[in-house]
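This report describes selected parts of one protein model. Its sequence and structure are shown below.

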Amino acid sequence: MSTFVLDKEAFVRRIKRLYTEWKAPSIGHDDGLTNLDCIMSLVGSEDDVIYSKSMAMQIWLLGYELTDTISVFASDAIYFLTSKKKIEFLKQVQNITEEGLPEIKLLVRDRTDKDKGNFEKLIKSIQNSKKGKRLGVFTKDSFPGEFSEAWKQSLMAAKFEHVDISTTVAYLMCPKDESEINNIRKACLVSMDVFNKYLKDEIMDIIDSDRKVKHTKLSDGCESAIGDKKYTSGLDPQLLDMAYPPIIQSGGAYSLKFSAASDKNTLHFGVIVCSLGARYKSYCSNISRTFLVNPTEPMKENYTFLINVQEEILKLLAPGTKLCEVYEKTLAYVRKEKPSMVENLTKSFGFAMGLEFRENSIVIGPKCQALIKKNMIFNLHVGISNLNNPEAADKEGSTYALFVGDTVLVGEQSPGSVMTPSKKKIKNIGIFIKDDSEEEDVDDKKAAKEDQSTEILGRSKRNAVLESKLRNEINTEEKRKEHQRELAQQLNERAKERLAKQGNSKEVEKVRKNTVSYKSISQMPREPEVKGLKLYVDKKYETVIMPVFGIQVPFHISTIKNISQSVEGEYTYLRINFFHPGATMGRNEGGLYPQPEATFVKEVTYRSSNLKEHGEVAPPSSNLNNAFRLIKEVQKRFKTREAEEREKEDLVKQDTLILSQNKGNPKLKDLYIRPNIVTKRMTGSLEAHTNGFRYISVRGDKVDILYNNIRSAFFQPCDGEMIILLHFHLKYAIMFGKKKHVDVQFYTEVGEITTDLGKHQHMHDRDDLAAEQAERELRHKLKTAFKSFCEKVELMTKSIVEFDTPFRELGFPGAPFRSTVTLQPTSGSLVNLTEWPPFVITLDDVELVHFERVQFHLRNFDMIFVFKEYNKKVAMVNAIPMNMLDHVKEWLNSCDIRYSEGVQSLNWQKIMKTITDDPEGFFDQGGWTFLDPESGSEAENESAESEEDEAYNPTDAETDEESDEDSEYSEASEDESDDSDEDLGSDEESGKDWSDLEREAAEEDRNHDYQTEDKRNGKFETKKTSKHSKHSRGEREEQRSSSHSKKHKSNSSSSSSHLKSSSSKHGSSSSPSKTSKDKYHNRDKHHSSSSSGHKSSGNSKDKDRKRGRDDSRDNGHKSKKSRH
């Protein structure tokens, strides 16, 4: 025992607390120490006893459990009776002399007389302490053994009045000091690791593989996991133990008590309640969670309500509050929100925890009058039992219970701090599985419905089969669209509610502070220049005193806009321009001038001679020269100070950093900071303290970042990067390097960023291989160090600061600023941290995302982020590859963010100004639905265009006015019309026999021969149908200008307009208003007219144009299919 070190400071501090409470009781709800004469504690040697007040008090005072030891706390001395080895350990505190600390006397056990002499000394010391009658003991503690029994006999013979002090001592030990909190925090970390890394994964694996595993086996696995280094966070396994046997319950049999035990039933895939807790250095922790497998909506609602109840209790845990009041207020909250759940709630909501897992006298229940104190630790748990699930598939799932518990530390203010911050929202604990048979049934039903709909619409069976083959591909897109429709509905409603809560809060115009040169005439300088009516610059008050009509008039430097000096002949001119209303054209001058209607001086010009008169040292103009120089100097200094004040005026005052003197603070060395503190790049160290980080450069510059000012913290490892970094995105800007910064980054390089191309390199060069190996080792070392730093900070800050790591595999290229970078999503943001300036978008701030320039012939598209705060400027990412569109959509959809797309780039500055000017009118007109390509406004425009197309019947003149230069437009429309004819007429063409097809082919060959012969003879003929008048080439040339304006109304015309242009160009007798069926009956006629139409072109380019037209028709046909 002599090798063990006893914490003397903690021993003295805690003994003083015990004696102070004994002499002057301060515990209002319990008077256990009142009128006591002496206190006694006995710890036996029974291994089966896990928790007892005697053991807890002994560990609390000494730090270790000493078996077969008697402790007597008399008024004038403290006695310890134990074995010789333990006495050697206790000698560390024997000679401590502190005010208020009694003398410590050590008695070594004497086995020759079975300690009778020692017992007599202890009995005598008790009798000499005060009145020697009332003895404070722990009545519930009972240790078997010869030593314990002999001491009990001696006490009985002495006939002392025994008083139970368990409750008082428990309350005395409840507020924990820093070392105790650290021990409990480590125990909590182990509990979370065993729960998250072992139990949770094990349950998921059992469900995935559909195995049958008993509750007891899972419980035993948790106990064995605590000895595995994977789950102990680097702590000594010998100092770890389970606080109680882990409890796993499922299948309808639930007991929401920590005295319950895991039964031998197999795990039921329904509601699974799990509780476990680890001990570190005898300090306990606990975590309780409920897994929901395929939960119904009522189950989700009940679970969410349970989490809200726990959050409500956390808010009530404040120092000075009675525990019974916490219980009553929580009960009132439940009665208000869900009265039906009152009967199903657990009878208490937690208890104090520390060296003992459960302190029965300090419970969050209806009868406990104990006051909450700072640094108390509670096992805060709340549960709902005997709930019914009518949708259950089996009997075991028809009854279920919900249970959530955490280890909570009471701080200076509410709410309490959760020390086991394992995620417990429904998305984190919900397990959603689907049987293959169910999926097949759903697909079969969908297929049946689609087949019915296709038959009603008149589609062939072949198309239905094709759709069934592509159903799996289309299904994802349909689900995404459906989800986006839901988000679109929610978007406008939430935005309305948010704007209604904000009210009509408008930004107050900043009034320019009125600068006064001198508050009284007594402050005016008495210099000779002032008396001599010369220009004088007062540097102290930043004022220029000018003579005006023989009077010295002071002008503050802020009123001077600019000055100019010129020399003309014998005179020097100094012109001084002042600020006045109207001087800044096009700018809003509101607030700049307190009295804008007053009379202002615009400019003043002074003239002075350059000639030096007899007897003078300097010419008169030297005053103007000196004034010009000084005014410039003062003006520069004033503007610099004003700029610094403008930088600082929006700054939110930060709390003072509390430095921790603990040598074990998380720390990283040799880090660079971005942005740089000074121009030159310097290294420094980053250290975590009590309430924030401090970065100290090698030059001594300091940058403090407080935990409560960190909005998002990111850790980006060096996988695929040349730097490894920590990035902090702040709530409010901080000032360093004379500038405000919202993003601060600390990084170090892991390899050579620049490569010497002139160096001769060989693949098998030993130096290169050694360098690569060294770089790999460095990467691993840095990654481990940074990760360890992050974990320590999260633990130290109780997860106030949580580091998020970007998902590199979800990244996509884009250009948020000038250069293209890789944008990587995190769990709550979209970031690029490698390049500077950084790009950080917090997804919680995003209202919606709009994609611009989404057209298939373009390679890239743009991405616009619209924020919930409409006054904030939208964020834009340019040049995202088109093949990443679906990837980005899928990511946004999974994040529940509404997106829309369009072909044009919008003027977002005007759009947002329109919205902020009249938000109510914007949402009354449909809100953000105007971005939807399928919105009502666009549908109306399309219908209007189609009506115009149908009403427009081209004449023969207009048909022939199409010039040869416009052939590619007409050919494109012709191709599209042909394609549409082929698509629409697929049913009839499939019914043609071979003779019809041969006749058409022969006619095409004959027309081709005619055309070739005509070209060879130099003849140009034009064949027209009877319905079209003949026009000469000259007439067409004369009317080209009029026809050019009538060609194509827009690039995005409907299919009817394409059909119209093709029929008019080829001279078809059918009008555009005729149905497709009529066209198909006149197909022979249409082909003959089209062939004659080709002949009429009559120049040498016809052959090339026909080839180009055929190629374009093929290409257009293919592109059209790809679009569909």
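The buried residues of α10 are Leu323, Cys324, Val326, Tyr327, Thr330, Leu331, Tyr333 and Val334, where buried means under 20% relative accessible area, exposed over 50% and partly exposed in between, with a 1.4 Å probe and protein chains only. Helices (H or I, at least four residues) and strands (E, at least two) are DSSP runs, numbered from the N terminus. The model is predicted: local features need pLDDT of at least 70 and side-chain atom pairs count only at pLDDT 80 or more, while totals for chains, interfaces and linings use all residues. Residues are numbered from 1 along each chain as its sequence is written, and side-chain values use heavy atoms, with hydrogens and water left out.

Helix α10 covers residues 323–337, and its 15 residues reach 21 Å from the first C-alpha to the last, close to the 21 Å expected at 1.5 Å a residue; the expected span is 1.5 Å times one less than the number of residues. The cover over the buried residues of α10 includes α9, β14 (359–363) and β15 (377–388), with contact meaning heavy atoms within 4.5 Å. Helix α9 (residues 297–316) has 20 residues and spans 29 Å, close to the expected 28 Å. Its buried residues include Met299, Tyr303, Phe305 and Leu316.

## The six-stranded sheet

Six strands make an open sheet of mixed pairing, in the order β4-β3-β2-β1-β5-β6; two strands pair if DSSP finds at least two bridges between them. At the edges are β4 (103–108) and β6 (161–164), each pairing on one side only. From one strand to the next, the twist averages 25 degrees.

Strand β5 (residues 134–137) runs parallel to β6, and four bridges join them. Gly136 stands opposite Val163 in β6.

Helix α2 lies across β1 (38–43), β2 (69–73) and β3 (77–82), running at about 100 degrees to β1. Axes are lines fitted to C-alpha atoms, for helices over the stretch in contact, and angles run from 0 to 180 degrees between N-to-C directions.

Helix α2 (residues 53–62) also packs with helix α6 (residues 166–173), at an angle of about 35 degrees and with the axes 11 Å apart. Lys53, Ala56, Met57 and Trp60 in α2 meet Ser166, Val169, Ala170, Leu172 and Met173 in α6.

## Asp932

Asp932 is in the loop between α20 (919–924) and α21 (936–951). Asp932 counts as partly exposed because its relative accessibility is 23%. The C-alpha atoms of Asp932 and Glu901 are separated by 7.0 Å, although these residues are 31 residues apart along the chain.
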